[in-house]
Structures are given as C-alpha cells and as structure tokens.
Amino acid sequence: MPLDRKSIRTLLQNANRPVLADILEKLWELPLLEYSASLWEKPASTPPMEKALQEAFESEFCRIGLSYEQAREFCDSLEKTRILQTATHLTATEGPTFLALHQLALLGLPPHETYFVGSFSGVPFANSAWSGCLNYSKRFDLEALISPQAAEFTELKRSDADRSRDSAERRISLIPGKMRDARVFQSRIPQKLVNLRPFFADPIRKISPATVSGDDFTVWASQFCTNQLRQIIPQKSLLYFDLNEVIRNYLLKVLQNSTHPLHRLLFERKIRESVFAEFPAETPLFTVEVLHKNKIRQEALIIQDEMLKSQNYQLELSQQKIIHELETGRLCPGLFLVFTSLSFINGLTCFGSFEQVEYLAEFKRRWLKLDLLEKEAVRTVNISALTSGRYVDEAQAVVHPLDLLLGLECSFPENITVGELMKPLLGRLGAEV
C-alpha cells in the first residue's frame with residue numbers, strides 16, 4: 001500500500017487512533033520546516049496566565065538551579081510564547097523518538113525565544129523511556145560509555161549480554177533494581193549513580209552535573225538533558241524541567257482559593273459529581289508511592305466515597321490533608337490535573353506526542369459539556385500540536401542523543417516531510433504497512 005494521506009488515515013483509524021489519523025492526513029506531505037514554523041504561531045487570543053501558575057514555573061526554574069533573575073526572564077519568555085513541549089518523560093538520557101520531536105520543534109523556534117521542555121515525572125523508572133538509564137544504540141560497546149575500571153562494570157556487562165539476547169535496545173542502568181518500579185517524581189540520587197558518574201566516557205561526564213547521594217534526581221536529570229540537547233543543537237535556547245513539580249506548586253496555591261475551579265472540583269461534591277458523570281469515574285487525579293510486598297511502586301489515585309484511593313493507600317478528600325500531602329511530595333498530580341491546569345484553564349499550547357493528541361481531544365470534548373471552566377478558553381486552546389517521529393540514519397538505524405555525543409556523524413534531515421519523520425514509528429502505533 002502506498003503511504004499517501006488517505007492510506008495513512010485508514011491505517012491509523014484501524015489502529016484506533018482517530019485524532020492522529022485526522023492530523024496526519026493533513027500533515028503527511030507537509031515539509032518539516034513549514035510545519036515547525038506553523039507550530040510556533042501564537043493563537044489569536046489566550047487567557048492570561050494565572051499568577052499562581054507563573055509563580056509555580058518560577059519556583060521550579062529556581063529549584064533546577066536558575067537564579068531568581070534568570071527564572072523571571074525565562075517566565076517572561078514563556079508568557080510570550082505560551083508554548084511548552086510536554087511529550088517527554090523525565091529521564092537521564094532520551095531516545096530516538098524524543099530526539100526527533102525536539103529536532104522537529106526546534107526547527108521553527110522563533111529567534112530570541114526559548115524551548116521549554118516540561119518532562120513528566122509521574123511515571124515509574126521502568127517506563128518505556130527507561131528514566132534511570134544511559135540509553136544508546138548498538139553502534140557502541142559498553143566500554144564506549146563506561147570505563148571497565150568502574151566497580152559495577154562486571155555487573156553491567158552481564159546485564160548488557162542478557163539484554164542483547166532478546167532486544168536491540170542498549171542501556172546502562174544508573175539505579176539499583178529496587179528502584180525499578182519507584183516513581184521518578186521526588187526521587188533521590190542513588191549511590192549507584194554517584195559511583196558510576198566518574199567512569200562515564202569523557203563526552204558524557206563533562207556535561208553531567210555533579211551527583212550527591214540523596215540529592216534530587218529530577219534536578220540532576222533535568223540539568224543533564226538540558227546540557228545534552230544544548231550540545232547537539234547549540235544555537236538554540238532551551239530548558240528542561242519537571243512538569244509535575246510545576247503543577248504541584250500550582251495546586252498548593254489554587255487549592256487554598258475556594259472559588260478556583262480545581263478547588264471546587266475536589267471539595268464541592270455536586271461539582272465533582274457533575275464532572276465525573278462526564279469524565280470516567282476511574283480518572284486518576286494523583287499518583288502515590290507505596291511499599292507493597294517489600295517493593296516500592298507507584299499507584300494511581302481515584303475518588304471513591306469522599307476519599308482518594310488506590311490499592312494500598314487512601315486519603316480523606318479534605319483541603320487540609322491534600323495540601324499537606326502535596327507539600328510533603330507524597331501526592332504527584334496526574335495527567336488529568338496537569339493538562340486541565342495548563343491547557344484548559346491557562347490556554348497554553350502543549351506540544352505533544354501521538355498519545356497526547358488523543359487524550360487531549362477527549363478532555364476537550366468532555367470539558368466543553370461542563371460549565372466549571374471558562375468555555376472560551378477550552379474552545380480555543382490548541383490541543384493538536386503534534387510533535388512526533390523517530391530519528392533514524394540513512395540505513396534506518398535509530399539515533400540516540402548519546403550516539404551523537406559519542407561521535408556519531410549524522411545530520412538531522414530537515415528537508416523531509418512530516419510523513420517521512422513519522423514513518424519509522426508506524427509499527428509502534430499499530431499501523432505498520
């Protein structure tokens with residue numbers, strides 16, 4: 001089957017990706033440069049960004065190491081563009097899909113503006129992006145990334161051999177096995193990472209921030225990913241940060257305001273019942289980390305009987321208790337609260353992946369049936385800002401950021417179409433030709 005607009009639409013509809021099918025039918029033959037420029041066009045009207053959200057961004061930018069003055073400057077830039085990249089998980093290093101979507105988005109970045117990457121940390125370390133690993137391709141041997149002098153090298157070599165028997169994926173775990181199912185949000189730097197860092201290959205070690213056992217892993221990973229992409233695309237202004245930390249800061253402010261829609265959603269029964277008559281009753285609002293059978297894992301919290309509940313945790317649905325658990329970092333905002341806050345209350349354009357365009361379209365459809373949020377803000381927000389694809393070389397072999405940092409000579413193919421960038425992903429989307 002030839003891969004034209006119509007056939008792609010059919011393939012994706014058959015794969016139960018109707019929103020993506022509509023988007024790619026329009027974009028499939030569009031040059032990347034033209035599409036990327038259109039992504040950065042500012043909407044005709046957007047609601048003002050809430051002061052609580054501005055302050056939440058400021059707090060996060062300071063947490064990841066910026067001065068207050070720098071944080072203010074970056075917030076001013078964000079207020080101007082009103083655009084975030086929200087497709088990525090928070091990781092130590094990224095893979096070929098995240099690298100492709102960054103390259104796509106950055107092609108059209110206006111001069112003097114900043115590319116803000118809000119990475120989602122409300123996932124376990126063993127998510128599809130392997131947040132606690134150095135991810136790289138089979139072009140390189142383990143020794144190209146970690147010196148054999150590292151005390152853990154023999155263990156890493158054994159793991160590499162085991163993995164190579166059933167997977168082409170290559171990665172070096174920087175975390176102990178007990179953290180595999182732990183949540184990235186609010187996680188701490190383990191001693192294993194501290195031990196390994198001095199033995200990273202020079203191109204990696206030189207841009208890796210210092211590590212101290214017990215310090216915040218998400219700060220280290222955000223700084224490390226910022227440094228990596230700045231090395232690969234040095235002429236652009238960009239910044240990674242923890243998206244869930246931003247929304248945690250935001251909720252700590254707005255949940256103290258009894259007139260705010262999110263306060264009303266959580267603490268007014270009639271409002272809550274009307275919303276979850278439209279949205280699925282099992283919509284997760286937060287995640288929590290629990291100890292289950294002597295293992296740490298993340299569980300999603302839904303509302304049942306005036307309680308937030310998961311399999312092994314429950315919390316009374318009270319303002320005081322939820323704010324306290326947000327303050328301690330126990331509660332991590334889930335997708336529903338993150339994107340309701342960013343997109344449907346504050347009108348930010350969130351660049352997103354093939355999954356995001358589907359669930360944001362569903363969120364928008366449901367919010368438009370309700371009166372809790374400002375209808376015009378919900379109606380006009382751009383929820384179709386697809387940034388996706390897969391970075392491959394001329395031989396169709398995947399390219400990771402670490403591959404480029406280790407010396408792989410490969411230029412991103414700017415003069416291709418959206419369809420050509422997306423084609424290597426079709427199998428993963430269940431739409432392989």
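How many nonpolar, polar and charged residues make up the lining of the largest pocket? The legends below take up this point and several others in a predicted model, in which local features need pLDDT of at least 70, side-chain atom pairs count only at pLDDT 80 or more, and totals for chains, interfaces and linings use all residues. Residues are numbered from 1 along each chain as its sequence is written, and side-chain values use heavy atoms, with hydrogens and water left out.

**View 1. The largest pocket and its lining.** The largest pocket holds about 1100 Å³ of space; of the 50 residues that line this pocket, Thr97, Phe98, Ser128, Ala129 and Arg428 are the closest to its centre. A pocket is an open set of points on a 1 Å grid over the protein atoms alone, with protein on both sides within 12 Å along at least five of seven lines, and its lining residues have an atom within 4 Å of a point. Grid points are joined across faces, edges and corners, and a volume is the space filled by probe spheres set on the points. By class, the lining has 25 nonpolar, 16 polar and nine charged residues, where Ala, Val, Leu, Ile, Met, Phe, Trp, Tyr, Cys and Pro count as nonpolar, Asp, Glu, Lys and Arg as charged, and the others, Gly among them, as polar. With five residues, α16 gives the most to this lining.

**View 2. Helix α6.** Helix α6 (residues 96-107) has twelve residues and reaches 17 Å from its first C-alpha to its last, close to the 16 Å expected at 1.5 Å a residue, the expected span being 1.5 Å times one less than the number of residues. Helices (H or I, at least four residues) and strands (E, at least two) are DSSP runs, numbered from the N terminus. Twelve of the twelve residues of α6 are buried, so this helix is largely enclosed by the rest of the structure; buried means under 20% relative accessible area, exposed over 50%, and partly exposed in between (1.4 Å probe, protein chains only).

**View 3. The second largest pocket.** About 340 Å³ of space lies in the second largest pocket, which is lined by 19 residues, with Cys133, Arg163, Ser173, Ile175 and Arg180 nearest its centre. The largest share of the lining, five residues, comes from α7, and the lining as a whole divides into nine nonpolar, four polar and six charged residues.

**View 4. Two residues with positive phi.** Asn16, in the loop between α1 (5-14) and α2 (18-27), has a positive phi of about 60° although it is not a glycine, and Asn16 is exposed, with a relative accessible area of 65%. Arg82, in the loop between α5 (68-81) and β1 (83-85), also has a positive phi of about 60° without being a glycine, but Arg82 is buried, with a relative accessible area of 3%.

View 5. In helix α13 (residues 269-278), the buried residues are Ile271, Arg272, Val275, Phe276 and Glu278. They cover an arc of only 150° around the axis, which puts them on the same side of α13; the arc is that of the directions from the helix axis to the C-beta atoms. The face turned away from this buried side carries the exposed residues Lys270 and Ala277.

Terms used. On a 1 Å grid over the protein atoms alone, a cavity is a set of points where a 1.4 Å probe fits but cannot get out, and a pocket is an open set with protein on both sides within 12 Å along at least five of seven lines; lining residues have an atom within 4 Å of a point.
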